[in-house]
Amino acid sequence: MPLLRKKPFVPIDLPPDLKADEEVFLNVLTKEIFRDYEEYFRRSILCNSLVWSCEYTGRSNLTLSEALQSEADAAEHLRKMPVVIQQAICFIIHKNEIASLTSFVDEVLNFYRTRFLIGEKVEIASTDK
């Protein structure tokens, strides 16, 4: 779930005494139900404000829908990542204490600059004709 002002967003709970025939307002993005239009409107304004960030990539100044899309894109990239690379990244995480995302990225780049992994697909460019 996207972060709201760098903190996890906690949607409100479903009203406990909600009746099946009661008229309510549904926020489609957060899947929250409101009885009061003013609360619903405030939540809608919040969802469209640039106060959200992607939990996976750290991108900030997004609306809720943009942050949800960013998270979906990041998850798709992760699914497409070859298993050999995932294993190598897990190995790096396991063997090192990484203080920040920047140092983690540097660590992964340094690891890959000097190594090929078993099962990794490589391309070779040749100048010979």
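What does the accessible surface of the protein chain come to, and what percentage of it belongs to carbon and sulfur atoms? The total is about 10200 Å², with 57% belonging to carbon and sulfur atoms; the areas come from the Shrake-Rupley method with a 1.4 Å probe, and for residues only the protein chains shown count as cover.

A quick note before you click on. This is a predicted model, in which local features need pLDDT of at least 70, side-chain atom pairs count only at pLDDT 80 or more, and totals for chains, interfaces and linings use all residues. Residues are numbered from 1 along each chain as its sequence is written, and side-chain values use heavy atoms, with hydrogens and water left out.

**Whole chain, cartoon view**

Along its principal axes, the C-alpha trace spans about 75 × 35 × 25 Å.

Now colour by burial. Buried residues make up 24% of the 129; buried means under 20% relative accessible area, exposed over 50%, and partly exposed in between (1.4 Å probe, protein chains only). Then colour by charge: you'll find 16 positive and 20 negative side chains, with the centres of the two sets 6 Å apart. Lys and Arg count as positive and Asp and Glu as negative, while His and the chain ends are not counted; each charge is placed at NZ of Lys, CZ of Arg, CG of Asp or CD of Glu.

**Two lysines in loops**

Select Lys6, in the loop between β1 (3–4) and β2 (7–8). Its phi is near 70°, a positive value in a residue other than glycine, and Lys6 is exposed at 59% relative accessible area.

Next, pick Lys31, in the loop between β3 (25–27) and β4 (32–34). Lys31 has a positive phi too, of about 60°, and is exposed at 67%.

**Ile12**

Jump to the loop between β2 and β3 and select Ile12. Which residues does it touch, leaving aside neighbours within four places in sequence? Show Glu32, Ile33, Phe34 and Arg43; contact means heavy atoms within 4.5 Å. Ile12 is partly exposed, at 37%.

Select Cys54, which counts as buried at 1% relative accessibility. The closest cysteine sulfur, in Cys47, is 16 Å away, too far for a bond. Cys90 is in no disulfide either, the nearest cysteine sulfur being that of Cys54 at 19 Å. With a disulfide taken as a pair of cysteine sulfur atoms within 2.5 Å, the count is 0.

**Last stop: Ile118**

Go to the segment after α4 (101–113) and pick Ile118. Is it buried or exposed? Ile118 counts as exposed, at 82%. From there to Ser100, 18 residues apart in sequence, the C-alpha to C-alpha distance is 28 Å.

Methods:
Helices (H or I, at least four residues) and strands (E, at least two) are DSSP runs, numbered from the N terminus.
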